[in-house]
Amino acid sequence: MNSINSSKKGLTSLVLKIIAIISMTLDHIGYFLNNVFSVTSLSTLSYIFRVLGRLSMPLFIFLLIEGLTHTKNIKKYLLRLGIEALLIYLAITLIQVLSNKSINLMYSGNIFVTLFLLASIYYFLYKSKFKILVILPIIYIILNFITKFIFINGFYTINEVSAFIYFNGLFLQYDILAPSFFLLILLGYKIYDYVINKKAANNQNLINEFKETKDYQRSKNIIVCIIIALLTLICYVITYLPIYEEGLYKLIDGALQTYMLLSALIIYFYNGRKGYSSKIIQYGCYVYYPLHLFVIYLVCYLLF
């Protein structure tokens, strides 16, 4: 059989991570230009950047599951995500405080809070003896959704809650969309593994041998692509059915999220390999996230 490790074709996780980071950066530039500084002359450019930014969420969630599956120490993995979530929280809060509250990032949220909570769900479901504790990140996600729903539907405005800027960095990004994507992938993988086990008559050696082939990885990629297409369809429906105009439409921004379908074209070519790796790259990616927020903010502030 053709082993994944012997196959050089396709995209490694490092390439996917670089694409996700570039996409995320463009998305944040577009967000600052359109939502924070309201530069109307660049509205078209900012929207294009936000469209390209829709690649980032599916790629980050996909890479999160790959990382959780292959990490040698899941507790250290969770710790790194938790520390990064804290750093991003401080970055988001400082930007708003240093601007004397004249700039509010609205409901920008913190992608690493999202990743940390989803990783915690995975840990409690698959690695912990205390599976009941999975309810804790689930409760956090539900409370996040309810809180943002209350604000976005106008029961309260941000200006009426002066302390909002100190909590903004604790919100999830992509609200219910990211958890849904994450859980659907886990479910899809579970069903696929069940089918493999059944066809192999639970012969573990045969199963392990097949899991080392590129066919196994390609099939997993297709499962993820199908899930992305399904969520894209749901976002499309939310966008164009009038019943959602005053509720989920505002929260999910379905019209913009439909462009996440583009990420399926990239994930399909993932080859299951890690690619080049070093401590500099690993920790450089963690440092880049809070740093680029400050750089984008300062550049936009000085220019606009």
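**View 1. The kink in helix H13 of this predicted model.** A kink of about 35° lies at Tyr288 in H13, shortly before the proline Pro290, where the bend at a residue is the angle between axes fitted to the seven residues ending there and the seven starting there. Helices are DSSP runs (H or I, at least four residues), numbered from the N terminus. Helix H13 comprises the 25 residues 279-303, which at 1.5 Å a residue should span 36 Å, and its end C-alpha atoms, 35 Å apart, agree with this; the expected span is 1.5 Å times one less than the number of residues. The model is a predicted one, in which local features need pLDDT of at least 70 and side-chain atom pairs count only at pLDDT 80 or more, while totals for chains, interfaces and linings use all residues. Residues are numbered from 1 along each chain as its sequence is written, and side-chain values use heavy atoms, with hydrogens and water left out.

**View 2. The buried residues of H13 and their packing partners.** Tyr286, Tyr289, Pro290, His292, Leu293, Ile296, Tyr297 and Cys300 are buried in H13, buried meaning under 20% relative accessible area, exposed over 50%, and partly exposed in between (1.4 Å probe, protein chains only). These buried residues pack against helix H1 (13-36), helix H4 (74-98) and H5, contact being defined as heavy atoms within 4.5 Å.

**View 3. The salt bridge between Arg54 and Asp27.** The side chains of Arg54 and Asp27 meet in a salt bridge at 3.1 Å, N to O, the term denoting a side-chain nitrogen of Lys or Arg within 4 Å of a carboxyl oxygen of Asp or Glu. Because Arg54 lies in the loop between helix H2 (43-52) and helix H3 (56-70), and Asp27 in helix H1, the pair ties together parts that are 27 residues apart in sequence. Both Arg54 and Asp27 are buried, and a network of salt bridges links Asp27, Arg50 and Arg54.

**View 4. The salt bridge between Lys220 and Glu66.** In the salt bridge that Lys220 forms with Glu66, the closest N and O atoms are 4.0 Å apart. Lys220 lies in helix H9 (residues 214-240) and Glu66 in helix H3, so the pair ties together parts that are 154 residues apart in sequence. Lys220 counts as buried because its relative accessibility is 7%, and Glu66 counts as buried at 5%.

**View 5. Ile132 in its loop.** Ile132 is placed in the loop between helix H5 (111-126) and helix H6 (135-152), and it counts as exposed because its relative accessibility is 67%.

Note on methods: Helix = DSSP H or I, 4+ residues; strand = E, 2+ residues; numbered from the N terminus.
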